[in-house]
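My entries follow in the order in which I looked things up.

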Amino acid sequence: MKVNNPSLPLRVIVIICFILLWLLLTGFGALQPNALAESGTVYQERSRHSSDGIGKFYMGREIAKVMGHTEALWLERASREVTEQPQQVVEALDLKPTHVVADIGAGTGYFSFRMSPLVPEGKVLAVDIQPEMIDILNFLKQENNITNVEPILASATDPNLPDESVDLALMVDAYHEFEYPKEVMEGVVKSLKPGGRVVLVEYRRENPLILIKALHKMTQKQVRKEMQTVGLQWLETKHFLPQQHLMVFEKPKEQQIAARQEV
Ligand SMILES: C[S@@+](CC[C@H](N)C(=O)[O-])C[C@H]1O[C@@H](n2cnc3c(N)ncnc32)[C@H](O)[C@@H]1O
């Protein structure tokens, strides 16, 4: 029987377009069959992956490549004032003058130096993995005569923070590129005082119209899942930013941990 269906090629084109769009939006991260490592381990390596990622997957998402120090000026771009509203972010953190704040993945200190005037009797620990970023932080600290910002060189697995000393750990546009997110977050949790908070600011991956590379965006669901894994409790998500989530988590106080263990 001869099938006369002139619209078939159009349908094929539409299907191909959908597949391409899907691959683009998922950053090719949903390609499962080429996993090289056993699932069940913390991380999986895949040979086929997004060109924006490192081929390493954590809890179902691919980890993004680190933004190199040669792009430091990009972090200081004027348009960030409008698109990322840094002053409103810092005000939303509810900092007290004595607070010790850790800015993890501080880069050039775009947020560290905005937070430092709010903690005059405390300090900002500006943590980064790139020595060149630490040099920039030290330069800007001296240049602007700022005494309460302390740059700290981290390793890929350890933020190198003192135990139970931090009131709030902030991560802006950084967490998605940590090569060992579980180990880093365990280090962050260890550094928090009981009841200390973690704040993550990430571009909203739920929205495909936000024109940021897929691996540089995160869904709320994914962030909450990953924070829960290291024992953090979600407190709230603030929705005032045009393109990012601001998610607040808490390290449970000891009584709460003990009560949970008894159940
Ligand atoms: C996109 S930049 C964001 C910088 C800054 N938070 C801002 O908003 O301007 C991400 C920074 O995270 C740093 N980073 C990546 N992995 C890290 C890790 N494991 N520990 C600490 N910093 C890390 C990178 O070196 C880079 O400076």
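**Entry 1: helix α6**

I began with the length of helix α6, residues 131-143. At 1.5 Å a residue, its 13 residues should span 18 Å, and the C-alpha atoms at its ends are 18 Å apart, which agrees. I note here that the model is a predicted one.

Next I asked which residues of α6 are buried. They are Met 133, Ile 136, Leu 137 and Lys 141. Looking down the axis of α6, I found its buried residues within an arc of 135°, so they line one face of the helix. On the other side of α6, I listed Pro 131, Glu 132, Gln 142 and Glu 143 as exposed.

**Entry 2: helix α8**

I repeated the check on helix α8, residues 220-229. Its buried residues are Val 223, Glu 226 and Met 227. Seen down the axis of α8, the buried residues fall within an arc of 100°, so they line one face of the helix. The face turned away from that buried side carries Lys 221 and Gln 228, which are exposed.

**Entry 3: strand β4**

I then turned to strand β4, residues 100-104. Five of its five residues are buried, and I wrote the strand down as mostly covered. In a regular strand the side chains alternate between the two faces of the sheet.

For the partners of β4, I looked at the bridges. Five bridges join β4 to strand β5, residues 123-128, and the two run parallel. In this pairing Asp 103 stands opposite Ala 126 of β5. Three bridges join β4 to strand β7, residues 166-172, and these two also run parallel. Here I found Ala 102 opposite Ala 169 of β7, and Val 101 opposite Leu 168 of β7.

**Entry 4: strand β7**

I stayed with β7 and checked its burial. Six of the seven residues of β7 are buried, so the strand is largely enclosed by the rest of the structure. Besides its bridges to β4, β7 has six bridges to strand β8, residues 192-204, and runs parallel to β8. The bridge partner of Val 172 in β8 is Val 201.

**Entry 5: around the ligand**

How many residues surround the ligand? I counted 23, and the closest are Gly 105, Gly 107, Tyr 110, Ile 129 and Val 172. Val 172 had already come up as the bridge partner of Val 201. Sorted by class, the shell around the ligand has 17 nonpolar, three polar and three charged residues.

**Entry 6: the antiparallel sheet**

I looked up the order of strands in another sheet. Three strands form an open sheet in the order β1-β2-β3, and the pairing is antiparallel. The edge strands are β1 (43-45) and β3 (61-64), each of which pairs on one side only. Neighbouring strands of this sheet are turned by 40° against each other on average, with direction ignored.

Between β2, residues 53-58, and β3 I noted three bridges, and the two strands run antiparallel. Tyr 58 has Arg 61 of β3 as its bridge partner.

Asp 52 lies in the loop between β1 and β2. It has 16 C-beta neighbours inside 10 Å and so counts as partly exposed. I also checked Asp 52 against His 216, which is 164 residues away along the chain, and their C-alpha atoms are separated by 8.6 Å.

Gln 85 is in the loop between α3 (80-83) and α4 (86-91). Its phi is near 40°, a positive value in a residue other than glycine.

Glu 164 is in the loop between β6 (149-153) and β7. Its phi is near 45°, again a positive value in a residue other than glycine. Glu 164 has 12 other C-beta atoms within 10 Å and is therefore exposed, the limit being 12 or fewer.

Notes
Residues are numbered from 1 along each chain as its sequence is written. This is a predicted model: local features need pLDDT of at least 70, side-chain atom pairs count only at pLDDT 80 or more; totals for chains, interfaces and linings use all residues. Two strands pair if DSSP finds at least two bridges between them. Helices (H or I, at least four residues) and strands (E, at least two) are DSSP runs, numbered from the N terminus. Axes are lines fitted to C-alpha atoms, for helices over the stretch in contact, and angles run from 0 to 180 degrees between N-to-C directions. A residue is near a molecule or strand if its C-beta atom, placed from the backbone, lies within 6 Å of it. Ala, Val, Leu, Ile, Met, Phe, Trp, Tyr, Cys and Pro count as nonpolar, Asp, Glu, Lys and Arg as charged, and the others, Gly among them, as polar. The expected span of a helix is 1.5 Å times one less than its number of residues. A residue is buried if 20 or more other C-beta atoms lie within 10 Å of its own, exposed if 12 or fewer, and partly exposed in between; C-beta atoms are placed from the backbone. The arc is that of the directions from the helix axis to the C-beta atoms.
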